[in-house]
Amino acid sequence: AQPQAHCHEPVVTLAGVSFSYEGKQVIRDLNFNVLQRDFVGLAGSNGAGKTTLLRIIVGLLKPEQGEVRLFGEPYSSFRGWNRIGYVPQKNAFNPLFPATVREVVLSGLYGRNKLFKRLTAADTRKCEDALEIMNIADLADRRIGQLSGGQQQRAFLARALINNAELLILDEPTAGIDAETQEGFFELIRHMHQHHAITFLMVSHDIDMLEDYMGGGPEQVCGKLKFYVRHTHEPQNCSETRLHVSGGTKREKIEVRG
Ligand code: ADP
């Protein structure tokens, strides 16, 4: 057997996870691994449970059964929240929310206890670079709530970028954004994936984008959930290099491609 060093670490692991809303089961005995630097796209019809799944992973919902591990740590002892950037579907900021785009981006630099830490010149530089990369430098002094949904998404990506987030979890980042802006956004995401070594878990209804970037259809289909994967390493001799999805949303049979 090859040494384990060739294998990428699992960044997100779900083991036997089930979840119900008021007795209605949405996620059923779901298992999967997202490996370091892979890009996992998650698609599926409305109500398939995609948002629920992301909310379980980031700890906003507690599974009724099973275990979530983040960077190999059980959820209960995980402390590395700064390693994860989560961009929810709707950033419905009140237009008067008293923070500028620059402040939101800079907040990525602070742990909870360092909120009033003094900014270094390097911090400021990093922030301006991120604003530039995300093409929102001209919006830096506007209130976050006055930006369009797409511009807010860019601000959150800039925040994740200066925070050196290792895992980005995005929920329909381009919902309600025009096609041209969408293309630009996906370009940024691909750039972040390829040049900043970030692991992605992204829900998207944009099958064309997913198929284009992953080089084909879903790697695994699980109930109503479709998992697309772009691996960064050849899955040779590594038991973990596969997504290993099982379980799902309903009692449907699990189909596995390849
Ligand atoms: P998706 O993101 O794939 O569209 P969701 O995860 O939002 O799906 O929803 C999955 C199912 O759970 C749907 O049937 C939805 O109606 C239901 N659901 C979602 N949120 C709640 C909630 N807060 N309370 C009760 N049911 C919910």
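Here are some questions and answers about confidence, the ligand and the helices.

Me: How confident is the predictor in the protein chain, going by the mean pLDDT?

Reply: Keep in mind that this is a predicted model. In the protein chain, 81% of the residues reach a pLDDT of 70 or more. Over residues 1-5, though, the pLDDT is below 50, and that stretch has 2 contacts beyond near neighbours in sequence. For the protein chain, the mean pLDDT comes to 82.

Me: What ipTM does the predictor give the complex?

Reply: You get two scores for the complex here. The pTM is 0.82. The ipTM is 0.98.

Me: Which helix gives the most to the shell around the ligand?

Reply: The residues surrounding the ligand include Gly47, Gly49, Lys50, Thr51 and Thr52. By class, that shell has 3 nonpolar, 6 polar and 2 charged residues. The biggest giver puts in 3 residues, and it's helix 1 (residues 50-57).

Me: Are helix 4 and helix 5 roughly parallel or roughly antiparallel to each other?

Reply: Their axes come within 11 Å and cross at roughly 10°. Angles under 35 degrees count as roughly parallel. So helix 4 and helix 5 are roughly parallel.

Me: Which residues of helix 5 make the contact with helix 4?

Reply: On the helix 4 side you'll find Gly150, Gln153, Leu157 and Leu161. The residues of this contact divide into 5 nonpolar, 3 polar and no charged. From helix 5 come Thr181, Phe185, Leu188 and Met192.

Me: What about helix 3 and helix 4: is their crossing left-handed or right-handed?

Reply: The axes of helix 3 (residues 121-133) and helix 4 (residues 149-162) come within 9 Å and cross at roughly 140°. That angle makes helix 3 oblique to helix 4. As for its hand, the crossing is right-handed.

Me: How many charged residues are there in the contact of helix 3 with helix 4?

Reply: Helix 3 brings Lys126, Cys127, Ala130, Leu131 and Ile133, which meet Ala158, Leu161 and Ile162 in helix 4. Of the residues in this contact, 7 are nonpolar and none are polar. The charged count is 1.

Notes
Residues are numbered from 1 along each chain as its sequence is written. This is a predicted model: local features need pLDDT of at least 70, side-chain atom pairs count only at pLDDT 80 or more; totals for chains, interfaces and linings use all residues. Axes are lines fitted to C-alpha atoms, for helices over the stretch in contact, and angles run from 0 to 180 degrees between N-to-C directions. Helices (H or I, at least four residues) and strands (E, at least two) are DSSP runs, numbered from the N terminus. Angles under 35 degrees count as roughly parallel, over 145 as roughly antiparallel, 65 to 115 as roughly perpendicular and the rest as oblique. A crossing is left-handed if the near helix is turned anticlockwise from the far one by less than a right angle, and right-handed if clockwise. Two residues are in contact if their C-beta atoms, placed from the backbone, lie within 7 Å. Ala, Val, Leu, Ile, Met, Phe, Trp, Tyr, Cys and Pro count as nonpolar, Asp, Glu, Lys and Arg as charged, and the others, Gly among them, as polar. pLDDT is the predictor's confidence in each residue, from 0 to 100. A residue is near a molecule or strand if its C-beta atom, placed from the backbone, lies within 6 Å of it.
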